[in-house]
Amino acid sequence: MLTSLGGLRMELEDCAFETLKDIVVTVEACEAFKDIDVALLVGAMPRKEGMERKDLLKANVNIFKEQGKALDQFAKKTVKVLVVGNPANTNCLMMSKNAPSIPQENFTALTRLDFNRAKSQIALRLGVPVSAVKNCIIWGNHSNTQFADVAHAKVMLPGGEKSVYEAVKDDSWIRNEYLSTIQKRGAAIISARKLSSAMSAAKAIVDHMHDWWFGTKPGEWVTMSVISDGSYGAPLDIMFSFPVEIKDKKWKIVKNLSMDDWAKSKFKITADELVEEREMALST
């Protein structure tokens with residue numbers, strides 16, 4: 001393991017990052033987590049082709065329990081935590097439960113990759129830059145039950161800003177092909193590469209932490225999986241992906257967005273899955 005990490009260290013050195021001051025290579029949690037400000041938990045058993053998320057949950061829950069205990073003991077109490085290893089939402093929940101001295105709002109799971117995919121697919125459909133699309137939402141779990149919602153999304157076109165629904169002019173595509181593409185994108189990449197998403201996941205991690213650190217643009221939100229406060233009827237005690245605005249390194253769930261019956265049905269499916277995952281994890 002140390003040999004492999006040494007190779008990673010060489011790659012980081014070769015990137016010549018101007019902000020990189022030092023690298024500590026270790027396999028000891030007490031050293032890795034000592035007084036850290038940010039924890040990126042990417043180390044989980046990787047998902048392989050044909051593998052169910054429930055299989056991942058069973059394999060990874062004990063890993064994240066131990067990581068949580070180590071964070072609780074060695075990290076700063078202000079540490080900002082991002083869990084990437086799947087099933088990320090429930091891994092994050094179990095980690096937070098094993099780090100009781102760290103505020104639960106400091107724990108997040110990655111749905112920024114799904115958010116980026118949601119924006120990208122709309123941009124591709126309309127032939128515009130990704131920067132022209134804003135305020136997509138990923139509700140719920142980072143899984144194939146996630147709900148990619150564009151009911152409140154906007155796109156800037158040559159004639160001005162329009163709602164995504166108005167610009168696409170094909171509700172059936174949005175509610176079927178588009179939603180399915182986002183839900184199954186990870187599996188499609190595994191099928192093509194025989195490996196999980198790598199470059200796009202790394203970019204999403206950078207995006208997530210950048211916005212947590214520097215804030216979101218006025219009038220725009222991003223999505224993060226955070227501890228549920230019951231907003232929109234989401235169950236409590238789960239890590240649920242919500243639209244959030246960020247200021248002064250603190251996220252806040254965007255409130256009072258409308259949701260039709262179809263959207264509510266999709267929302268419930270992903271919420272129910274997270275409750276099921278939580279119960280499985282707690283019984284492991």
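**Note on the predicted model**

1. Ser-241 first. Leaving aside neighbours within four places in sequence, Ser-241 is in contact with Asn-89, Thr-111, Ile-138, Trp-139, Gly-140, Thr-223, Met-224 and Ser-225. Contact means heavy atoms within 4.5 Å. Ser-241 sits in strand β10 (residues 239-247). Helices (H or I, at least four residues) and strands (E, at least two) are DSSP runs, numbered from the N terminus. Ser-241 is buried, at 0% relative accessibility. Buried means under 20% relative accessible area, exposed over 50%, and partly exposed in between (1.4 Å probe, protein chains only). Its side chain makes a polar contact with the side chain of Thr-111, at 2.9 Å. A polar contact is a pair of N or O atoms within 3.5 Å; within protein, one must be able to donate a hydrogen and the other to accept it, and residues adjacent in sequence count only if both atoms are side-chain atoms.

2. On the basis of the numbers. This is a predicted model: local features need pLDDT of at least 70, side-chain atom pairs count only at pLDDT 80 or more, and totals for chains, interfaces and linings use all residues. Residues are numbered from 1 along each chain as its sequence is written, and side-chain values use heavy atoms, with hydrogens and water left out.

3. Asn-135. This residue lies in the loop between β4 (133-134) and β5 (137-139). Asn-135 counts as buried, at 5% relative accessibility. Its side chain reaches two backbone atoms: the oxygen of Gly-219 at 3.3 Å and the nitrogen of Trp-221 at 2.9 Å. Beyond neighbours within four places in sequence, the contacts of Asn-135 are His-152, Ala-153, Gly-219, Glu-220 and Trp-221.

4. α4 against α9. The axes of helix α4 (residues 88-97) and helix α9 (residues 261-283) come within 10 Å and cross at roughly 50°. α4 is therefore oblique to α9. Axes are lines fitted to C-alpha atoms, for helices over the stretch in contact, and angles run from 0 to 180 degrees between N-to-C directions. Angles under 35 degrees count as roughly parallel, over 145 as roughly antiparallel, 65 to 115 as roughly perpendicular and the rest as oblique. From α4, Asn-89, Thr-90, Leu-93, Met-94 and Lys-97 meet Leu-274, Glu-277, Arg-278, Ala-281 and Leu-282 of α9.

5. α5 against α7. Helix α5 (residues 112-126) and helix α7 (residues 171-193) pack at about 130°, with axes 10 Å apart. This makes α5 oblique to α7. On the α5 side the contact uses Asp-114, Arg-117, Ala-118, Gln-121, Ile-122 and Arg-125; on the α7 side, Trp-173, Tyr-178, Thr-181, Ile-182, Arg-185, Gly-186 and Ile-189.

6. Backbone geometry to check. A cis peptide bond joins Asn-86 and Pro-87, with omega about -5°. Pro-87 lies in the loop between β2 (80-83) and α4. Ala-16 is not a glycine, yet has a positive phi of about 55°. Ala-16 belongs to the loop between α1 and α2 (29-32) and is exposed, with a relative accessible area of 56%. Lys-249, also a residue other than glycine, has a positive phi near 65°. Lys-249 is in the loop between β10 and β11 (250-253) and counts as partly exposed at 33% relative accessibility.

7. Leu-8. Leu-8 lies in helix α1 (residues 2-15) and is partly exposed, at 46% relative accessible area. Leu-8 and Val-25 are 17 residues apart in sequence and 9.2 Å apart in space, C-alpha to C-alpha.
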